Amino acid sequence: MDKELNTINCMGYPLFTGSLNQLPKLSKTLINTINQYSYCVAEKDAGFKKVLQESDILLPDGIGIVGAERLLSGQKITKIAGADLHAYLLTQLNKKGGSCFYLGSSDKTLSRIKERLAVDYPLVGVGIYSPPFKAKFNETENQQMTEAVNAFKPDVLFVGMTAPKQEKWAFAHKDQLDAKLICSIGAVFDFYAGTIERPGEIWISLGLEWLGRLVKEPKRMWKRYLYYGGVFAYYVLREKSRKRFGRVQ
């Protein structure tokens, strides 16, 4: 455990275990999140795994990750969702009149975000840019995206392009981006815009946000939560066996 940064090693990933007001003050910070789905994807995608492992801050965004750490080490950690990070940072920016930039999603979603921010956080300056909807960006598109961010020079850059594309893009372009905090937060764009409804506080407080999303979007979410839930359970039990009996293939 790194007490200075409030991190622990959970199955090879450096999880942040502090509260959001304990985030370290670095000159430039890349914040990513990990849940059971992204863990499973990263185990099959070496590039994605490297990005998550080398994040400045990696938040435990999922009851599966929290439960895994409790089972493996007995340590109780708190889930910090991308939506929690988003709300916290906006509150801080509003207090000091800071700025943020949203990179990703559609023009329609970004416009809704901007409209809501004007009401919820009126002192926050907001920039937006909707990149092309494609699996991989070319050099010109990458340049246009970084130039849009740098022209605004936000305190916080929110990247929402779905995992693992958003994390890989933010990691690859971190040094080129003129932003103090770079946060990959995916579905939060749609949650905040209202294009996708986030499960209510009851679901969240019970640790069942995943079930609420599954009920609302069964066709899109069943594989993420049911299939990958089983895959993740295998990884956790394998790690438990390794810790107890030694190396397990």
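Axes are lines fitted to C-alpha atoms, for helices over the stretch in contact, and angles run from 0 to 180 degrees between N-to-C directions. Helices (H or I, at least four residues) and strands (E, at least two) are DSSP runs, numbered from the N terminus. The model is predicted, so that local features need pLDDT of at least 70 and side-chain atom pairs count only at pLDDT 80 or more, while totals for chains, interfaces and linings use all residues. Residues are numbered from 1 along each chain as its sequence is written, and side-chain values use heavy atoms, with hydrogens and water left out.

Helix α1 (residues 36-44) packs against helix α2 (residues 46-53) at an angle of about 125°, the axes lying 5 Å apart. The arrangement of α1 and α2 is therefore oblique, a class for angles that are not under 35 degrees (roughly parallel), over 145 (roughly antiparallel) or 65 to 115 (roughly perpendicular). In contact (heavy atoms within 4.5 Å) are Ser38, Val41, Ala42, Glu43 and Lys44 of α1 with Ala46, Phe48, Lys49 and Leu52 of α2.

A nonpolar core is a set of buried Ala, Val, Leu, Ile, Met, Phe, Trp, Tyr and Cys residues joined through side-chain atoms within 4.5 Å; buried means under 20% relative accessible area, exposed over 50%, partly exposed in between (1.4 Å probe, protein chains only). The largest such core has 29 residues, and Leu85, Cys100, Tyr102, Phe158 and Cys183 have the most contacts inside it. Helix α4 gives the most to this core, five residues. A second, separate core of 23 residues includes Cys10, Met11, Tyr235 and Val236. Cysteine 183 is buried, at 0% relative accessible area, and cysteine 10 is buried at 3% relative accessibility.
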